[in-house]
Amino acid sequence: MNWKNMFHNEVFGENVFIIGPEDDPRLVQEVLYELCKEQKADHFSKNRFSIFFMPGTYDYVNINVGFFTQVGGLGLLPTDTKLKKITCVPKYRPDGSINDGLANFWRCVENVEIMEDTLWAVSQASPMRRVSIQKNLYLHQNGGYTSGGFLCDSRVNGITDHGSQQQWFTRNCCLDHISTYGWNQVFMGTEFKHPPKGQWPEVPVTCLDTVPYIQDKPFLIWDKDEGFCIFVPKMRVRSRGISWDKTPEGKKIPLKDCYVAQPEKDTPASMNNALAKGLHLILTPGIYALDQPLHVTCPDTVILGLGLATLTPAQGNPCIVTDNAAGIILAGLLADAGHRVSDDLMVIGDSSKPLAKPAVLSDIFFRIGGFPSSAPSKTVNALKINASHVIGDNLWIWRADHYDQVGWDKNTADTGMIVNGGHVYMYALMVEHFLKYQTLWNGEDGHIYMYQSELPYDVPDQSQWMSEHGTQNGYASLKVADHVQNFESWGVGVYSYHRDAPVMCGLGVKVPDRENVVLHHTFTRFLNGHTGIQHVINTSGECVNTDHRQANIIKYKNGVVYN
């Protein structure tokens, strides 16, 4: 059997598998086995796949989800599509020598019900959205290392076991109870039958009752009247719990209002032509080489990537540029830096005026380097947000720290994210290994809920890593600009592993000391290597090093530490 030719739909192309209850279980399971075997080990694979299940019960389906693979249900509710079992086994190395999931990236599960225990031992860029788990959820395997992660709009009827997860963000869920905590677990708008007990930092759990503003990620469905549609959930304000305990609120976008792009046939010109006509854009799985950016000009446009659709610039251009148009949604995309230096990989809006309706970025990931190639990948910045009123929901912005063409003077990238707009909300923001600031926040009234950041591993010497006009050792991971009057964060963690040289980072977070700049539950952690981080926030907080691995600040406001 040629499994790659099975279960395709002509609209979505050869990298999308659509499986129905009437299909032969033996053939289905064989295709799933071969696909998962293909994607099990290669976290720089060129392959991209989506596996969608029509509504129904599949009590035989057991999927081990590999790299660059999306698994989803096509019902309006997750309970419309029932699968027996989903796993992500963390032995990601080809020889299976290490039982961890520190590089279990680039995969997702959405909009299904899982009938048995679920093992989801993942790290960044591996979201689980809108799932109903009948039994237990394990976010590790036997204590092997993991560094995730993201769970939202989901219900778990059994234990949610974080195990060795270094950090995890859970939003708008219904959970029975959780066990083990790692270093930094943030829960927002989550209902517990048995809430976690204890106080941060002794118990490293942050619980916030509601989510101020959130619009959940759009997803593909099958509608008996319209056929395939994108369902766009309604914006929720001060929300708590799942969105699908009753009929979900939102709108259906039929396929006739979308342009379905395929990487082997489409160009930036064909996709921009569709966007200019007001069509929504579905990017089927694959790698799209762009010699000009996708330009989003129309309000309420949705760009939905399937199977971690990947955009890479060919001429030093951005991958996506949006106008200051209200209600734009970008979802399910990986921006992969090219060999020619880009100023930015993605630019959201301008500062001309606030958006009337927020722009939303859901499951948007960036990668600079690591991909096997003849030359390193480069950019100056990854993401720049100029517009005011933007929501980020699960972002991982990564300058690669391993594999091919990686090094201080190879896959160069100064800054992960620059925020110039006001009223920007970030839920689960992860930014790692950039040469200067990981995140530079210039806008007013910004909010971050769970931040994970590793400083660069590969600094060659202290003289090449100095900030503040050469007066400060290293660069803070998160810098809030001196002019900012209002900013708030919860659950910020900055980690050091100075692998290559005995350099010191002066501080994990730098903020102006003002009444309305408030940081809750902030910590630095020494992972390994040389020296460490001198202070947590500004000049406050203890040094972390081989003798003192973590320093905590419960609350920081106007230059005062409240512990």
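Thr-312 sits in strand 29, where strands (E, at least two residues) and helices (H or I, at least four) are DSSP runs numbered from the N terminus. The model is a predicted one, in which local features need pLDDT of at least 70, side-chain atom pairs count only at pLDDT 80 or more, and totals for chains, interfaces and linings use all residues. Residues are numbered from 1 along each chain as its sequence is written, and side-chain values use heavy atoms, with hydrogens and water left out.

With a relative accessibility of 18%, Thr-312 counts as buried (under 20% relative accessible area; exposed is over 50% and partly exposed in between, with a 1.4 Å probe and protein chains only). Neighbours within four places in sequence aside, Thr-312 is in contact (heavy atoms within 4.5 Å) with residues including Ile-287, Tyr-288, Ala-289 and Leu-290.

Strand 29 (302-313) also turns up in what covers the buried residues of helix 2, and so do strand 25 (258-261) and strand 26 (280-283). In helix 2 (residues 268-276), those buried residues are Pro-268, Met-271, Asn-272, Ala-274 and Leu-275. They lie on the same side of helix 2 because they cover an arc of only 155° around the axis, taken from the directions from the helix axis to the C-beta atoms. Just past the end of helix 2, Gly-278 has a positive phi of about 90°.

Then there is Gln-39, in helix 1 (residues 25-39). Gln-39 is buried, at 0% relative accessible area. Its contacts, again leaving out neighbours within four places in sequence, include Phe-49, Phe-67 and Phe-68.
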